[in-house]
Amino acid sequence: MAKKRHARHRPAKTRGFTLLEVMIALAIFATLAGAVMVASQYALRQNARLQEQVQCAWVADNQLSELRLQAASPGRQQLLRHFDRRDWVVEQTITPAADPRMLQVEISVSRSDGEQPVYHTTGWVPAQHE
């Protein structure tokens, strides 16, 4: 007697995902992956910008320290400084302060290839006659 072959039916719990479910999951994953990529690129740009600002602050602080160690006189200067394998343009303006014993120093630092200042600070140094 010939046995009938019965088609095996899987219970509903063991069925795989439908094509629509897989496509929706892929769309969600692609959207999330794109958002993560955009966020990581933004973080990298911010990190580079912050690193540049810290370097400029360091250059400006070094320039202010040099002025404190030497006799400073009122005037405006543009200097080229090399720091951390890069060239920086330092613009300093020295003016008399309200206190006659002090001079006000405004320092702007920019990249040598850029015109926009990256960092700007104001400090004070002793006047020459002190």
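**Core.** I looked up the largest nonpolar core of this predicted model and found that it has 16 residues, with Val105, Ile107, Val109 and Val125 making the most contacts inside it. I took a nonpolar core as a set of buried Ala, Val, Leu, Ile, Met, Phe, Trp, Tyr and Cys residues joined through side-chain atoms within 4.5 Å, and I used buried for under 20% relative accessible area, exposed for over 50% and partly exposed for what falls in between, with a 1.4 Å probe and protein chains only. I noted that α1, β2 and β3 each supply at least two residues of this core, and that α1 gives the most, with five residues.

**Ground rules.** I number residues from 1 along each chain as its sequence is written, and side-chain values use heavy atoms, with hydrogens and water left out. Helices (H or I, at least four residues) and strands (E, at least two) are DSSP runs, numbered from the N terminus.

**Val109.** Which residues does Val109 touch, once those up to four places away in sequence are not counted? I listed Cys56, Val59, Ala60, Trp88, Val89, Val90, Pro117, Val118 and Tyr119, where contact means heavy atoms within 4.5 Å. Val90, one of these, also stands opposite Val109 in β3.

**Helix.** I checked the length of α1 (residues 19-69): its 51 residues should span 75 Å at 1.5 Å a residue, and the end C-alpha atoms are 75 Å apart, which agrees. The expected span is 1.5 Å times one less than the number of residues. The buried residues of α1 are Glu52, Gln55, Cys56, Val59, Ala60, Gln63, Leu64 and Leu67, and what covers them includes β1, β2, β3 (102-111) and β4 (119-126). As a reminder to myself, an α-helix has 3.6 residues a turn, so residues three or four places apart point the same way. I also recorded that α1 lies across β1, β2, β3 and β4 and runs at about 45 degrees to β2; axes are lines fitted to C-alpha atoms, for helices over the stretch in contact, and angles run from 0 to 180 degrees between N-to-C directions.

**Sheet.** In what order do the four strands of the open sheet stand? I read the order as β1-β2-β3-β4, with antiparallel pairing, two strands being paired if DSSP finds at least two bridges between them. The edge strands are β1 and β4, each of which pairs on one side only, and neighbouring strands are turned by 25 degrees against each other on average, direction ignored. Nine bridges join β1 to β2, and Arg76 has Thr93 in β2 as its bridge partner. β2 and β3 also pair over nine bridges and form a hairpin with five residues between them, and Pro96 stands opposite Leu103 in β3.

**Loop between β1 and β2.** I finished at the hairpin of β1 and β2, which has two residues between the strands. Asp84 lies in the loop between β1 (75-83) and β2 (86-96), and its phi is near 55 degrees, a positive value in a residue other than glycine. Arg85, also placed in that loop, has a positive phi of about 60 degrees although it is not a glycine.

Conventions:
Predicted model: local features only at pLDDT ≥ 70, side-chain atom pairs only at ≥ 80, totals over all residues.
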